[in-house]
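The sequence and the model come first, and the notes follow by topic.

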Amino acid sequence: MKGKTLLELRGVTKEYCIGSGFLSTRRVTAVKNISLDTRTGETLGLIGGSGSGKTTIGKLALGLVKPSQGMVLYKGRNIEEFKAAEFTEYRRQVQCIFQDVTGTLNPLMTAGSAIKEVLSFHHGKGAEDIKQKTARLLNLAGLRTDIFYAYPHELSGGEKQRVCLARSLATEPALLVCDEPLASLDISVQTQILQTFRRLQVSQNLSYLFISHDLRVIRYISHRIGVMYKGELVELGPVEEVFSHPGHPYTRLLISAMPRIFGGGKQEAAPESERGPAEASGKQKSHGCPYYDWCPERAEICRRNAPPLRLLGPEHWVKCYM
Ligand SMILES: Nc1ncnc2c1ncn2[C@@H]1O[C@H](COP(=O)(O)OP(=O)(O)OP(=O)(O)O)[C@@H](O)[C@H]1O
């Protein structure tokens, strides 16, 4: 089921500068030479440990940060070359859902007003039409229409996330970048909202770039997944193919540790080999495989040269020599 490519990262590296002044400036490579794409009606899930660069990929996809190298293309065009009106249209079509719903919603605005605001901005239609559209969006997001009059403090976490979803849908987007949208919700609410995401994907022909720490969530929602390790995309492929035949030792570790890390709905500390000595000591390797120090299958070549992405099976890529 290969849809049309919507958004593509092509050889993207993003470096952040930390500190100011000539001597104190330090560069952090948040993501390194990433190539991936999202397709119409499809979910690309991104999984990886803390600090592996998932959010940075989301921000690049949304045009919130610019690549230091490489480019981000939307419908085949480099977003940095968009004229102002084209960039506004791209922003309409690519929306985001974040974990922090409280920070996203204005505490002084009712749910209905928050949605109406977006509708008026993007569609500029008459008041009655907007009210009907708002009610429809609340229903689409799985909310009762009387939520229209509720303020954020009167809503549960799940309801707030659904209001954010309705608000994002108000622009009739093609792609939603979802960055840990379920992380602050309890497990039963997570399941219900995941079902809503799935239903909406079909009814609205939505594409998702779905970022999560939780392998169960990623497996449920994704068609393809990308595995991030220390800023690098170490594996990319169809979800069940990656779960049944993981090609990278780090992916195998994540899958084997699944009950341990994610058991009981509560996330524990990452396994030792996920954190790694380079991360623990704050040092970053400049060459070789980023997983070298922890890899049970490493060879001498892995220390000297970073492995290229190689094809394991249909659309299944892995960055490993073994
Ligand atoms: N604005 C920034 N300025 C400087 N460094 C940053 C900035 N944003 C992210 N980083 C660094 O880039 C790296 C990747 O961060 P990013 O937030 O993309 O990872 P992540 O996988 O989303 O992590 P988490 O799951 O913990 O949110 C980290 O080392 C982080 O400290």
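In what order do the four strands of the open sheet stand, and is the pairing parallel or antiparallel? The order is β2-β1-β4-β5, and the pairing is antiparallel. The model is a predicted one: local features need pLDDT of at least 70, side-chain atom pairs count only at pLDDT 80 or more, and totals for chains, interfaces and linings use all residues. Residue numbers start from 1 along each chain, as its sequence is written. Helices (H or I, at least four residues) and strands (E, at least two) are DSSP runs, numbered from the N terminus.

**The four-stranded sheet**

- Two strands pair if DSSP finds at least two bridges between them.
- Strands of a sheet pair through backbone hydrogen bonds, either parallel or antiparallel.
- β2 (26-39) and β5 (77-78) are the edges; each has a single partner strand, so one side of each is left without a neighbour in the sheet.
- β1 and β2 run antiparallel and are joined by ten bridges, with Lys-14 standing opposite Val-31 in β2.
- Strand β1 (residues 5-18) is also joined to strand β4 (residues 69-74), by five bridges, and these two run antiparallel.
- In β4, Leu-73 is the bridge partner of Glu-8, and Met-71 stands opposite Arg-10.
- Helix α1 (residues 54-61) lies across β1, β2 and β4, and runs at about 120 degrees to β1. Axes are lines fitted to C-alpha atoms, for helices over the stretch in contact, and angles run from 0 to 180 degrees between N-to-C directions.

**The shell around the ligand**

- The ligand is surrounded by Tyr-16, Ile-18, Val-28, Ala-30, Gly-48, Ser-50, Gly-51, Ser-52, Gly-53, Lys-54, Thr-55 and Thr-56. A residue is near a molecule or strand if its C-beta atom, placed from the backbone, lies within 6 Å of it.
- β1, β2 and α1 are the elements that give two or more residues to this shell, and α1 gives the most, with three residues.
- By class, the shell has four nonpolar, seven polar and one charged residues. Ala, Val, Leu, Ile, Met, Phe, Trp, Tyr, Cys and Pro count as nonpolar, Asp, Glu, Lys and Arg as charged, and the others, Gly among them, as polar.

**The eight-stranded sheet**

- Eight strands form an open sheet with mixed pairing, in the order β6-β7-β8-β3-β9-β10-β12-β11.
- At its edges are β6 (94-98) and β11 (310-313), each of which pairs on one side only.
- On average, neighbouring strands of this sheet are turned by 20 degrees against each other, direction ignored.
- β11 runs antiparallel to strand β12 (residues 316-318), and three bridges join them.
- Across this pair, Arg-310 stands opposite Val-318 in β12, and Gly-313 stands opposite His-316.
- β11 and β12 form a hairpin with two residues between them, and Glu-315 in the turn has a positive phi of about 60 degrees.

**Helix α6 and its partners**

- The axes of helix α4 (residues 111-123) and α6 come within 8 Å and cross at roughly 20 degrees. That makes α4 roughly parallel to α6; angles under 35 degrees count as roughly parallel, over 145 as roughly antiparallel, 65 to 115 as roughly perpendicular and the rest as oblique.
- Ala-111, Ala-114, Ile-115 and Val-118 in α4 meet Val-163, Ala-166 and Arg-167 in α6; two residues are in contact if their C-beta atoms, placed from the backbone, lie within 7 Å.
- The residues of this contact of α4 with α6 comprise six nonpolar, no polar and one charged.
- Helix α6 (residues 157-169) and helix α7 (residues 187-204) have axes that come within 10 Å and cross at roughly 15 degrees. α6 and α7 are therefore roughly parallel to each other.
- From α6, Gly-157, Gly-158, Gln-161, Arg-162 and Leu-169 meet Val-189, Gln-192, Ile-193 and Gln-204 in α7. This contact of α6 with α7 has three nonpolar, five polar and one charged residues.
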